[in-house]
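Here are my notes on the model you sent.

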Amino acid sequence: MGRLLFSAIASLDGYTADAEGTFGWAAPDEEVHAFINDRERETGTALYGRRMYETMRVWQELPGPDDPPVIADYARIWRDTDKVVFSSTLDAVTTPRTRLEPVFDPVAVRSLVDDSSADVSIGGPTLAAAALRAGLVDEVSLFVVPVSVGGGTPALPRATFLRLDLVEERTFTSSVVLLRYRVSGSAR
């Protein structure tokens, strides 16, 4: 039985993208990227909404000739992971090992996670908000970048109560801090 894991890179004030929708400030350095790669290696299936899928599908084409080994490693991991994209606006997906679902169905997602022999990740704060509200997420990991962006897309859903128990913390040389929590209380 797998676990449903939500992981995001967020600003210190809790946003995954700033008010202009940009997130260049969140690009992980090599140390953080290698750590994320090792965590993602354990993922069997990744769940995405349309916007996150459109952002992530570049990994199908990477690495470029000048990219460091950590980029090539993540590209291999991404290509080897099964993907489910939840979107009512996409007509088709363009990457292998990817299937399209028109709606996010919490019962089907719980079944997918329960039947999985590996962990399942959920990418993107909008899709994760739906899963958190449905009480499906087992763990939340935030890679907190030491910047404040003042607004944008929140990493965690607004107006949703979550009880979280800290199970891991780590500070990287870049001052990025990993905070990993087990979700112990469901949304209300």
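1. How many bridges join β1 to β7, and do these strands run parallel or antiparallel? There are seven bridges, and the pair is parallel. Within this pairing, Ala 8 sits opposite Leu 142 of β7. Please keep in mind throughout that this is a predicted model.

2. Leu 4 has Val 120 of β6 as its bridge partner. β1 is mostly covered, with six of its eight residues buried.

3. Eight strands form an open sheet in the order β5-β4-β3-β6-β1-β7-β10-β9, and the pairing is mixed. β5 (98-101) and β9 (163-171) are the edge strands, each pairing on one side only. On average, neighbouring strands are turned by 25° against each other, direction ignored.

4. Strand β3 (residues 43-49) and strand β4 (residues 82-86) run parallel and are joined by five bridges. Here Gly 49 faces Phe 86 in β4.

5. Two helices on the sheet deserve a look. Helix α1 (residues 30-40) lies across β1 (4-11), β3, β6 (119-123), β7 (139-145), β9 and β10 (177-185). The direction of α1 is at about 170° to β7. Helix α5 (residues 125-133) also packs on the sheet, where α5 touches β1, β3, β4, β6, β7 and β10. The direction of α5 makes about 120° with that of β6.

6. How does α1 pack with α3 (residues 69-80), and at what angle? The angle is about 20°, and the axes are 10 Å apart. α1 is therefore roughly parallel to α3, since angles under 35 degrees count as such. The crossing of α1 past α3 is left-handed.

7. Which residues make that contact? From α1 come Glu 30, His 33, Ala 34, Asn 37 and Glu 40. From α3 come Val 70, Ile 71, Asp 73, Tyr 74 and Ile 77. By class, the contact of α1 with α3 has five nonpolar, two polar and three charged residues.

8. Check the peptide bond between Leu 62 and Pro 63. This bond is cis, with omega about 10°. Pro 63 lies in the loop between α2 (50-56) and α3. Leu 62 and Thr 89 are 27 residues apart along the chain, and their C-alpha atoms are separated by 26 Å.

9. The loop between β4 and β5 holds Thr 89. Is Thr 89 buried or exposed? Thr 89 counts as exposed because its relative accessibility is 55%, and the cut-off for exposed is over 50%. Arg 97 is also placed in the loop between β4 and β5. Although Arg 97 is not a glycine, its phi is positive, at about 60°. With 42% relative accessibility, Arg 97 counts as partly exposed.

10. One more backbone point concerns Ala 159. Ala 159 is not a glycine, yet has a positive phi of about 55°. Ala 159 is found in the loop between β8 (152-154) and β9. A relative accessible area of 81% makes Ala 159 exposed.

Key
Residues numbered from 1 in each chain as written. Predicted model: local features only at pLDDT ≥ 70, side-chain atom pairs only at ≥ 80, totals over all residues. Heavy atoms only, no water. Pairing = 2+ DSSP bridges. Helix = DSSP H or I, 4+ residues; strand = E, 2+ residues; numbered from the N terminus. Axes fitted to C-alpha atoms, helices over the stretch in contact; angles between N-to-C directions. Contact = heavy atoms within 4.5 Å. Buried < 20%, exposed > 50% of the residue type's maximum accessible area, 1.4 Å probe, protein only. Parallel < 35°, antiparallel > 145°, perpendicular 65-115°, else oblique. Left-handed = near helix turned anticlockwise from the far one by under 90°. Nonpolar A, V, L, I, M, F, W, Y, C, P; charged D, E, K, R; others polar.
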